[in-house]
Amino acid sequence: MVLLKMKFNQQRRVRLAQGLWLLSWLAVMCGAFIFCLGVYLKTELLRRNEVMENTEIHVVPNILMLVGLASIGTNWVATRVCQDSLDASRFPRWKVLLLAWFVVAALLCCLLLAVVVLSYVLQGRLEESLKVGLRNGIRFYKDTDVPGRCFQKETIDRLQMEFRCCGNNNFKDWFEVQWVSGRFLDYTAQEVKDRIRSNVDGRYLLDGVPFSCCNPASPRPCLQYHLTDNRAHFNYDYLSEDLNLYSRGCRQALTDYYMGLMNSTGPGVLSVILIQISVILSLRYLQTAVEGAMALENPEGDSEGYILEKGVKETFEEVKVKVLTMIKLAQVDPEGVPDEAEAEKAADTAAEKAASPTPAS
Amino acid sequence: MVVMKMKFPFQKRVKLAQGLWLLSWCATVAGATTFTLGCLLKTELRRRAEVMDNTDIHVVPNTLMIVGLASLGINYFASKICQDALDAGRFPRWKNFLKPYFAVSCFFTVLMLLSVIMSYAMKGSLESSLKAGLRNGIRFYKDTDTPGRCFQKQNIDRLQMEFECCGNNDFRDWFEVQWISNRYLDFGSKEVKDRVKSNVDGRYLVDGVPFSCCNPRSPRPCIQYHLTNNSAHYNYDYLTEELNIYLRGCREALVHYYMGLMNTIGAGVLSIFILQGSVLVSLRFLQTAMEAVAGKENTEIETEGYLLEKGVKDTIMEYLDPVLKFFLLKNGGKVEEGAAADKPAAVP
């Protein structure tokens, strides 16, 4: 029971080959596009590397780059096959390669699908990574004199200004860490001494935020310090003031940004998958039609093209049997050697037995 | 006195026509590039239109866009002409077209060069426009409740953050204006009353700057207020502190940015100018070489090509004559009327 049989006369075969040649070059461009997409995504992730704790999310752009490169090569091979398909002398050399080609192309489609799924699934991991990275960034904000951490302040400031966010979850995260370095605190001042004594760890905590949290859209000059104290500022109510600082947390802002990036690439990747599948199907039709034509007496006559010679289930069984045979063949040889050795041993024993009675008698 | 005479055997003519065809298509692409560069520059200037007082500088991108569009037309015709050049039957129909064509093409090519020169010459105009615009922006910073000025604060803040600059000339410009709105000043407190009384106009002046002047590279949290008072902050010296706020003025930052942009664009436009000039020169040589062939039986003879039939001065007079005649005719007409009016007056 042949799957999806179609008749192909010579004219149709030629048209199919030409159309497939164009489609394959389009697929090569799509492969290049996927590669560039992967590179772009990787660059964007690397730019904010300092506020990410692990690089698990990097698997998405890595796979995209790999698939892009492989797809360029695969589809280029498809164009060569198309070019040779109508030439009866040159087509047979592709016969062996085509099975491997189909496997590789199908694998690429699966990988692309996996990428789309992964980009949604890994959102949680990305959030976790950002949560830890930002927490460290806020904690080490004041350590501008410690080697290895001296750029944390600038990184966090620029991040908050660019993404219009403040703190990890929100601006209150800044109330829980000492973000003013001890180098700039006058320890003899009463205010400083009070604040340090007010908590167990002896940290200088205040209800203030760095300048990078300030929102330029606010109608009044930015209020950074004494945020929870309504009396410290004229005409100020802490609970109703929403334009003074950025209300969004940086983790939310960054997650939204990266998810938006990956979502916008989703439709592109899906259309590339569709193009690749159509290339695979068309090439299968071309292969079977041309092979059928070459088997005929008149190579320019009508032939049939199909996707699978037998039905899906039968083909699957056939493939399974083939694979098992191959595995068995690999196992039979080591077992065959002990058999032979045993046979030899039996022959030797028999020879010995035959030889031994002679001295007795 | 012919200018730049050159001999052209048949093969050379053919090669010239082919080379010119390719060159004119390259020049068409270059013309499109010029138009795009003009659009780019215009967009960038309009983005910061709120801190510019006048739009004089816009003449540079406008000229580039006009020249780009004209260049598309010029080079399209150039390619058409050299396609017909080697065909003795089709070349003569371009005869009457070529003189005005060269005049117009030379005009636009010179305009291209002028636009590059203008982009350097107008630096002073740009600076004064920015100076006035920024001064107004800083003055109206606090007017977030006045219609028409309510976005000045946001514009100035975002400008200072993006260009890493503070104030007009430098940060001290903020000391001279009241940038905190009265809505947020407690006129009952002594400090406010003192400050307001300390100057003639009754403005609340502080030695402080908005948060957008803060430099993220500073190792310490930003110091915005009491900048000139060393005792107000621990371990702080006003004169040696360099990283706390941006030291560069926004006028200098913006001029630097736009000059850099116009330098890059100018370099590109200069090379396009050279390309366009070479297209016109080659077309002129091709035209004169082919004109010498016209009417001859053997079209494969060697001919001479030249740039100008007469000298430079004579050619200029030749082109300007029709223009001057047009104006003189007007004056000539008036002279005639005057003479006619005089005659009847003289008769009686």
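In the predicted model, B:Cys150 has a relative accessible area of 32% and is therefore partly exposed; buried denotes under 20% relative accessible area, exposed over 50%, and partly exposed the range in between (1.4 Å probe, protein chains only). This is a predicted model in which local features need pLDDT of at least 70 and side-chain atom pairs count only at pLDDT 80 or more, whereas totals for chains, interfaces and linings use all residues. Residues are numbered from 1 along each chain as its sequence is written, chains are lettered from A and ligands numbered from 1 in the order in which they are written, and side-chain values use heavy atoms, with hydrogens and water left out.

Over all chains, the structure holds six disulfides, a disulfide being a pair of cysteine sulfur atoms within 2.5 Å. One of them is formed by A:Cys165 and A:Cys250, whose sulfur atoms lie 2.0 Å apart. The torsion about this S-S bond is about 85°, so the disulfide of A:Cys165 and A:Cys250 is right-handed. Distant parts of the chain are linked by this pair: A:Cys165 is in the loop between helix H5 (152–163) and helix H6 (190–197) of chain A, while A:Cys250 is in helix H7 (residues 250–295) of chain A, 85 residues apart. Helices (H or I, at least four residues) and strands (E, at least two) are DSSP runs, numbered from the N terminus. Both A:Cys165 and A:Cys250 are buried.

A further disulfide joins A:Cys214 to A:Cys222, with an S to S distance of 1.8 Å. Its torsion is about -80°, so the bond between A:Cys214 and A:Cys222 is left-handed. A:Cys214 and A:Cys222 are each buried.

In chain B, a disulfide joins B:Cys166 to B:Cys213, at an S to S distance of 1.9 Å. The torsion about the S-S bond of B:Cys166 and B:Cys213 is about 80°, so this disulfide is right-handed. The pair links distant parts of the chain, 47 residues apart: B:Cys166 is in the loop between helix H5 (152–163) and helix H6 (190–197) of chain B, and B:Cys213 is in the loop between H6 and helix H7 (250–293) of chain B. B:Cys166 is buried because its relative accessible area is 0%, and B:Cys213 counts as buried at 0% relative accessibility.

With bonded cysteines counted along the chain, the disulfides of chain B follow the pattern 1-6, 2-3, 4-5. In chain A, the pairing in sequence order is 1-6, 2-3, 4-5. A:Cys36 is in no disulfide, and the nearest cysteine sulfur, that of A:Cys30, is 12 Å away. B:Cys150 is likewise in no disulfide, the nearest cysteine sulfur being that of A:Cys222, 19 Å away.

The largest pocket has a volume of about 1,400 Å³. Of the 44 residues that line the largest pocket, A:Tyr225, A:His226, B:Tyr225, B:His226 and B:His233 are the closest to its centre. H6 of chain A and H6 of chain B each supply at least two residues of this lining. On a 1 Å grid over the protein atoms alone, a pocket is an open set of points with protein on both sides within 12 Å along at least five of seven lines, and lining residues have an atom within 4 Å of a point. Grid points are joined across faces, edges and corners, and a volume is the space filled by probe spheres set on the points.

Note on methods. 1 Å grid on protein atoms, 1.4 Å probe; cavity = no way out; pocket = protein on both sides within 12 Å on 5 of 7 lines; lining within 4 Å.
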